[in-house]
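Here are my notes on the model, point by point. Please read them with the structure open.

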Amino acid sequence: MPDPLLAIERLRVDFPEVVAVNDLSLALEPGDVCGLIGPNGAGKTTTMRAISGLQEFTRGSVRVGGHELAREPDELKKRLGFMPDFCPTYDQLTASEFLEHFARAFAVANRTQRIEECLELTWLTDKRNSPCEELSRGMKQRLVLAKTLLPDPQVLLLDEPASGLDPLGRIELRKILLQLHDAGKAVLISSHILSELSGFCNKAAIMERGRLVKFGTIAELGRQMGSRRMSVKWRVDTGAALEILSSSGAVKNLEAAGFGAAFDFEGEPDALDELLKTLVVQGVRVCEWRGDGDELEQIFLQSGAKELM
Amino acid sequence: MKLFENPVFLTHKRLVHRNGVLAAVLIATLIGFSLLAGLISYLTDPGAFHFSSVQEAGKTFYGWVIGVEILVLVVGGFSRVARALADDRKAGLWDSNRLTPLKPAQLIIGYWLGPALREFYMAAALAGFGLVIVLAGHLPLTLWLGTQVLIAGTALFFGLLGLLAGMAFQRSQGILIFLVFLFAYPFSFIAPSRMLTNFLLPIYGIGNLFSSRSLSETYHSNMDWNGLPEIFGVPIYPVVLSLGLQLIIGAFVWRALVRKTANPFQPLLLRWEAVALFVVLLASQHALLWDLWRGQFPMPATNSGRNYFDRETLLPVVHGGTMVIGILLLAFASPSPEHVRVESLRLGFKNPGAIFSRSAVSLALALAVVAGAALLTQVMFSLAGSFQIFCVAAVNLLEIFLVFALLLEFCRLRHRRRALGFVALWLFILCIIPFILAGVFSNQAFARISLLSPGFLALSDRNDPEWRIQFWTLLAHFGVIVLLFIGWRRQWKKLLQKAV
């Protein structure tokens, strides 16, 4: 079986008063976009810095494309791109000069063309000759993302990439991440704003106090959830809808409200799909069917992860 | 990778050029031109000046050129390099560069030569005018060549030190170089051809190139700026000695920089490097002093036909320098307790023996042995009469190194971020307070109990050594070491228990 693109085994990072990352193991395959979720102080940034080699770790191993960080750090650098949660730029260089610096450092082939591609990908083409100091925070963030993408790394570590982006920038970020997913890259993306991650993550890793509380595909984690709060609305009240819902063994805490209801669903995602199908087949004109909060948010809330005190 | 393909160098070159170099080069040109004009003015109307010859006028004007060059290239270059690295570290760009496939040596070269380009241009303009002044002043071309080589070597050496400062501190680089000059300056005039500082900074080399017998007799009647320094009695060109020392120490600094770039979690100096550096510095210093006593200290020093400021004070001065260098090396090579704790977690060791081999305390013992051996070279043929002097001075160095190493680690373990303040406080109590008490109560006995005193007294106060008091003082200092050792051991044990 081939090595996963990113394999972390029993990673531990010690700080003077706290174990920042404790026994963390996870693996990402090509095309995986994994949300690293956790409250402030959970160890997300430390994990990313340890994977990239910027933070010394006490124990464990990090492998990228089969190359271990401790033994082949240079091989790792070629295959891994790290975007920190702040935007380090040479303020007096222009955007394209900044990218040129890193293109040279990574010995990128067809430098000029690749720089243009990355500028275009991050919507910065018209800012290519602007000094970095004149760029807004969001633009700088996109520029640093462009720098991270320059050498076409196999694995990307993005630490809070959307924190400074405007709504349009976030939509563009999603597009970029989907492109990376399609290109078979493995992406580990951290955030504590769950709505940022929903929609493009196929895996989630939830951290609390340095420990990995849950890790798996979104579908797997959804299945592991004890219950899920759902709400449904229909157009014409026939009474059938409430009857169907109350007769389902998986529906708990049913609360009717006008032409709709809210309930906890304790069952497999497939059973939830079946329930919707039954409603429609029985003639209920369903006009809204949704979970309260997105899926990642529900997974996170049910993981028991809390803010560090 | 060639220099002009090095992205760090190219980026800093671009930044320097973007901020403008023309004004700086014009200023340097203006200074150079003014000095050249001064010489031309003398040549056309010698009566208007007080120079006795064309050569003297040439030397004076060229002296100003190299003075400005040193200021620009060594002091300015040092600050520029240190600030560039410190700023990039603060901004996160240093880490971004470290995550590229660039080799640590390539990164170091980029930061070493890139940020100070403006200063290099200015120095080049000044050097050009200097050459014209040397030729117009009928001075030997070797004067120009020798001084320029020394200035270039020192600039590169200080560039490396600037990188070290930028890597270790976030600011205060300017203060550091000021302290270096402040430290070196007074020693320059004690015995010019004998003090190591005069060769690490090429003070003697430049002075020697400038001096002629007539000038020496006129201006330096009490000093020795003529002739060649001697290493164990063998004459050596001061330019060669300066460049050699800068090269050797620069190589150690280079290693430290490359290692720190590759893995910032390692100490700045490895233990063997600290010992080797100490050996180089002490061996050079004692070799420069060799022909004064030829191993027969405390016999009166030989004169060798030269004028010395006060040759009898040289060994106590070197003793003081040994203390300072030893303490600095211990501070640089001392491991961070947190690093040792993480290592103990990783490797699973819990015994104090493993701590001892990693701590600066064992290094203090090694440095004391080196210092003792170096001192032995001055007394080895007169041991019958100087054994007590040697023992007191050597044991005193051992005690000072041990106290510092134990104190530093104890305070780091106990007081963490406030450690340096507490180290300074305890050193003040142990070393300086006794002198203050001696002044307040007009009683020299207080001064004798200072941690610093026994060695200095043994080496300088040879007529009234009072060996019995010296012995008890050393014993009392040893008591302090035992107490510190107990506290030090307890703190390490606590840390290891936490690691478990």
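1. A salt bridge here is a side-chain nitrogen of Lys or Arg within 4 Å of a carboxyl oxygen of Asp or Glu. A:Arg49 and B:Asp95 form such a pair, with the closest N and O atoms 3.9 Å apart. Keep in mind that this is a predicted model.

2. Where does this pair sit? It crosses between chains, from A:Arg49 in helix H1 of chain A to B:Asp95 in helix H4 (residues 93–98) of chain B. A:Arg49 counts as partly exposed, at 25% relative accessibility. B:Asp95 is also partly exposed, with a relative accessible area of 21%. Buried would mean under 20%.

3. A second cross-chain pair deserves a look. The side chains of A:Glu100 and B:Arg14 meet in a salt bridge, 3.7 Å from N to O. A:Glu100 lies in helix H3 of chain A, and B:Arg14 lies in helix H1 (residues 7–18) of chain B. B:Arg14 is partly exposed, at 29% relative accessibility. Which residues belong to the network around this pair? Salt bridges with shared partners join A:Glu97, A:Glu100, A:Arg104, B:Arg14 and B:Arg18.

4. Now the interface as a whole. In chain A, 34 residues are in contact with 32 residues of chain B. The buried area between the two chains is about 3,000 Å². Carbon and sulfur atoms give 55% of that area. Six salt bridges are counted between chain A and chain B. There are also 13 residue pairs in polar contact between them, both residues at pLDDT 80 or more.

5. Which elements of chain A give two or more residues to the side that touches chain B? They are strand S1 (6–15), helix H1 (44–52), helix H2 (73–79) and helix H3 (95–105). H3(A) gives the most, with seven residues. By class, this side of chain A has 13 nonpolar, eight polar and 13 charged residues.

6. The side chains of A:Lys78 and A:Glu75 meet at 3.5 Å, N to O. The two are three residues apart in the helix, so about one helical turn separates them. A:Lys78 is partly exposed at 44% relative accessibility. A:Glu75 is partly exposed at 24%. Over all chains, the structure holds 27 salt bridges.

7. Check the open sheet of chain A. Four strands form it in the order S2-S1-S4-S5, with antiparallel pairing. The edge strands are S2 (18–28) and S5 (67–68), and each pairs on one side only. Five bridges join S1(A) to strand S4 (residues 59–64). A:Leu6 has A:Val64 in S4(A) as its bridge partner.

8. Is strand S8 (residues 186–191) of chain A buried or exposed? Six of its six residues are buried, so the strand is largely enclosed by the rest of the structure. A:Ala186, A:Leu188 and A:Ser190 cover one side, while A:Val187, A:Ile189 and A:Ser191 are on the other; all are buried.

9. S8(A) has parallel neighbours. Five bridges join it to strand S3 (residues 33–37) of chain A, with A:Cys34 partnered by A:Leu188. Five bridges also join S8(A) to strand S7 (residues 155–159), where A:Leu158 is partnered by A:Ile189.

10. Last, chain A overall. It has 11 helices and 14 strands. The C-alpha trace spans about 70 × 45 × 40 Å along its principal axes. Buried residues make up 52% of the 309 residues.

Note on methods
Residues numbered from 1 in each chain as written. Chains lettered and ligands numbered in written order. Heavy atoms only, no water. Contact = heavy atoms within 4.5 Å. Buried area = accessible area lost by both parts, 1.4 Å probe. Polar contact = N/O pair within 3.5 Å; in protein donor to acceptor, adjacent residues only side chain to side chain. Nonpolar A, V, L, I, M, F, W, Y, C, P; charged D, E, K, R; others polar. Buried < 20%, exposed > 50% of the residue type's maximum accessible area, 1.4 Å probe, protein only. Pairing = 2+ DSSP bridges.
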